[in-house]
Amino acid sequence: MKGYIKESIISPFFKLLEASFELFVPLVVASIIDIGIANKDKDFVVQRCLILVALAVIGLCCTLLAQYYAAKAAVGFSTKVKHSLFSHIQSLSYTEIDTLGTSTMITRMTSDMNQVQSGVNLTLRLFMRSPFIVFGAMIMAFTIDVSSALVFAVAIPVLGLVVFGIMCATIPLHKRVQAKLDRVLGITRENLTGARVIRAFANEENERQEFRNATSELNFAQKFVGKISVIMNPATYAIVNIAISILIWQGAIRVDMGDLTQGQVIALYNYMSQILVELIKLANLIVTITKAVACGNRVQAVFEIEPSITDNSTIPEPVKTDISVEFRHAYLRYAGASETSLDDIDFSVKRGEVVGIIGGTGSGKTSLINLISRFYDACDGEVLVDGVNVKSYPTELLRSKIGVVPQRAVLFSGSIRENMKWGNEGATDEEIIEAITTAQALDVLESKPQGLDFVIEQGGKNLSGGQRQRFTIARALLKRPEILILDDSASALDYATDARLRASIAGLDYKPTVFIVSQRTASIANADKIVVLDDGAIVGIGAHEELLDSCLVYREIYNSQFKGEGEI
Amino acid sequence: MKKSKLKLSTIKQVLKYVKRYTPLLILSILFATATVALTLYIPIVIGQAIDLLANGAGTVDRSAVWNLLLRVGIIAVIIGLLQWIMSNINNKITYNIVRDVRNEAFDKLQGLPLKYIDSNSYGGIVSRIVSDVDQFADGLLMGFTQLFTGVITVLGTIIFLILINFKIALVVVLLTPLSLFVANFIAKKTYSMFHEQSKTRAEQTAIIDEMVGNLKVVKAFSHEDEAIEEFDEVNGRLQKCSVKAIFFSSLVNPTTRFVNALVYAATALVGAFTVIGSGGLALSVGALSSVLSYATQYAKPFNEISGVVSELQNALACADRIFELINEKSEEPDASDAICLTDVNGNISLQDVFFSYTDEQRLIESLSLDVSHGQRIAIVGPTGCGKTTLINLLMRFYDVKGGSISVDGTDIRDITRASLRESYGMVLQETWIRHASIKDNIAIGNPNASDEEIIQAARLSHAHSFIKRLPNGYDTIVSEDSSLLSQGQKQLLCIARIMLCLPPMLILDEATSSIDTRTEIKIQEAFALMMKNRTSFIVAHRLSTIREADIILVMKSGKIIEQGSHDELLAKKGFYYELYHSQFEGYGEN
């Protein structure tokens, strides 16, 4: 709420002003009855009714101000929170992204935040008002007649107990309903994505049954929470009316004794009625507020996640070495995993060398290269770039040295030029075209009449998989990185293009150190050094011919692909 | 305001769901009427009690006051009870209708042709079944009860007012609608602001989707600051238009309250004058206090009614969307004399098959093929050549537009879909893992399988070793977006499903595309064992798989352009030869 303190105070303040003016209304009415009617004084009545109108006008002005500042504060607040939430999410490292999942983060930033915003807005506008009217009415009652007002002093705590008791009882139940609803949603989604499989196994009847179970569980939970929450209105209604009866009874005795007038009893009665109206409003509000609080908690949970990789702001002393990347007995264990994904990785790569990394599914190829950019931290051992531990670099400096082409070719909505500039903010069109040429994507560019201004849709939907891959390679090349990492980035390219791509990368004038991750032996056979991974451990390291001789795993992979058994 | 046409057919269909709960609904209406009547009666009783206080000290008839007040207390308790029962009934109706509609929509989903599912976004269908149903039921029933109680409250108030004093009744009835005009005026003015707000919000969601969804790439390029900058720009714009929209829409309540306060003042004025003018005969002070409390009570339902109308409209719009789904044409049901396939041999014959997804674009034209028991058919060709379409036709996910497909001499349209589909074991490139344990995921085709059988199937598909290492082994709960499984491991699970039920025919559509070559060789061995004596269709890229096929179908733009064994096709020097050749060009440059 910081930065909107002024608004957050002004808004309830005007709301309270409005409420206090409203509290004068019964007094005015009482005087109409006791003085105006009793004395048959028409002028007095007119005058008092004008006061009523004046009170209404002042009340309107106050609320308008209150609403304006409430809107300003609530929106301003949520804008700020969204900004910090977005920045916070951007600061998270891969480990947190994995545990939390991006889809959760997206819902928390969008729908949860909207709920929080309307919750704050309503709280500022109404939540303060209701308790104020309730207590204000009680105080006004005391000014009229102390002994009658004692009824208020008893009724209000009882009402409070009912309202808050029901609220406390239903909040956890609402959560349960939400969980059941999520399940219904999950099954529906699953049945759409898996329609073919479900039908292939003729499993429709089971799915129906499961869905029925889920909906009836939801139905049961909804009715259960409903039973409790619907007590609120009838109970408050009955209590208030009983209180009114007692109040008037008290009033009658006091009038009989000459301590009170009829008009004053009416005023007391009106105060009690006002309390009822406010409580009903409050009850309706509580649902929105509890929802907002639940959403707020979910947002808060994201804020509480600390990025596991913290930045080092001091630039490390450069070390004189011709080793570009070195792994020293590095191990990696993912959060929540029981076993390590990388075991004792130990090798070094000289500047300008080309390294091939090969291995089966889940053998740890991507994990290994993710350590170089410090997307994850090694749980034991160390990784060095240019002779310095990656943990000693400011991450931005480290990552500026490295051009990564990830497995999944992701482009962003915007022109080709904008996408390319991700690699280098200040790149000229010539540089961009040069990089695109190296990445073998010039023909794609030339096929688009708009050239670099061709607008890529969200997710790159208007490009084929192979085209996307080549553009992501070009994007990485624009960085002129010292280390270029291609993580299975040529999988959608045919062999010929793949080979041309590797040749043009080998011909780059700035001679980057290149890591090529691949499942194809053909893509890495020419590398200076090939690292063979199996189940997270290095089982062979060396040049193609050596490995064919010495490494069983490599030979098996090679044989499965060569011997005339390639791909079409 | 959103214009939604109120279709008569929609309302009729809504009534169909409500009909089941007619007794409850009648009960609810009765209770509502009673509640309203009693609620309106209370101020009158209180007014009478207050009148007994008119003459001040020493004149109050205590026992009369006591009796009246006792009545108020008892009525209040009765109203509370009635309200509580009524709310429970309403909840029951609402939630049950939600359940009924959802179940029916889901049943529908199971029977819809795949064409519908393929051509509609999943998100759209899910939101129909989840949020539209909720809004429909909430809006409809809340709207209905509010409308109903609102109308009788308004009517009741008018009647009671007229009974008390005609002049005052006129003041209240004439002035209150003012608040409606004010509310409508504001709503119209704010519509464009809300439109602007939702447009900007959509823009922001798109950025969030992209930058958070691809956070890993953003980080790899240290692009966080630029992303935040872009986000802030939209965020700032959203702030401006949100403040406007929220502020102007929040004017409705204060202004109507203001109008009501004016009505209140007018009532007090006219009331007081009447009391003074008639010396308390035409209107007593107690009656005046009843009238004043009516004036406040009357405004509330009056204002609500206008809201209810738009709520009802919205509910019907939601209902419309759900019914669109429910009324969608189902797959033609199996004929009553449809044959249940048993002991399948696996002789498949395609006669002159035509097929297209849309009328404009023909995809498969005059395709004929005879496959006999135990043969292995490899389908080869560039992307979009119709390989997957052929599978859709074989499994009868889509019906042919011309010609026929038969299994063991019976047209597949004369066979029950379930038995036809169960005769095929299908593994697709796109995996599907349901939110359930590994064990349940494997047993999907055979829920009665024993643990031993499941483990055996997992062993055959080389999934056992990684399953063993999962936190809870075979009982580990997984789902499609679970990070516990790699794409290749998911594919192995899908293969294990087939290994468990061993159907007589197989369809493997790039079944091993995400599996590394070493594991693949092992799975191929298992497949080879399985394919013995089973007719199998294989879509593949890898030559090793293709070469062993009995028949290779080379497809290009929906047609089979070449057909034969590997050696025959190479000798032909046609399209297949070219495809095969292109591979070695790739190696040549190494």
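**View 1. Contacts of B:Ile379.** B:Ile379 touches B:Lys387, B:Leu390, B:Phe537, B:Ile538, B:Val539, B:Leu553 and B:Met555, leaving aside residues up to four places away in sequence. Contact requires C-beta atoms, placed from the backbone, within 7 Å. The model is predicted: local features need pLDDT of at least 70, side-chain atom pairs count only at pLDDT 80 or more, and totals for chains, interfaces and linings use all residues. Residues are numbered from 1 along each chain as its sequence is written, and chains are lettered from A in the order in which they are written.

**View 2. The largest nonpolar core.** This core has 213 residues. A:Ile248, B:Ala268, B:Ile379 and B:Ala496 touch the most other members. Another core, of 116 residues, lies apart from it and includes A:Val81, A:Ile345, A:Ala378 and A:Leu411. A core joins buried Ala, Val, Leu, Ile, Met, Phe, Trp, Tyr and Cys residues through C-beta atoms within 7 Å; buried means 20 or more other C-beta atoms within 10 Å of the residue's own, with C-beta atoms placed from the backbone.

**View 3. Strand S11 (residues 551-556) of chain B and its partners.** Strand S3 (residues 376-380) of chain B runs parallel to S11(B), joined by four bridges. B:Ile377 has B:Ile551 as its bridge partner. Strand S12 (residues 559-564) of chain B runs antiparallel to S11(B), with five bridges. Here B:Lys556 stands opposite B:Lys559. Strands are DSSP runs (E, at least two residues), numbered from the N terminus; pairing takes at least two DSSP bridges.

**View 4. The two domains of chain B.** Domain 1 covers 8-165 + 283-326, and domain 2 covers 332-423 + 505-514 + 533-590. Their C-alpha centres lie 60 Å apart. The bounds come from an automatic or database domain assignment.

How values were computed. Buried ≥ 20, exposed ≤ 12 C-beta atoms within 10 Å, placed from the backbone. Contact = placed C-beta atoms within 7 Å.
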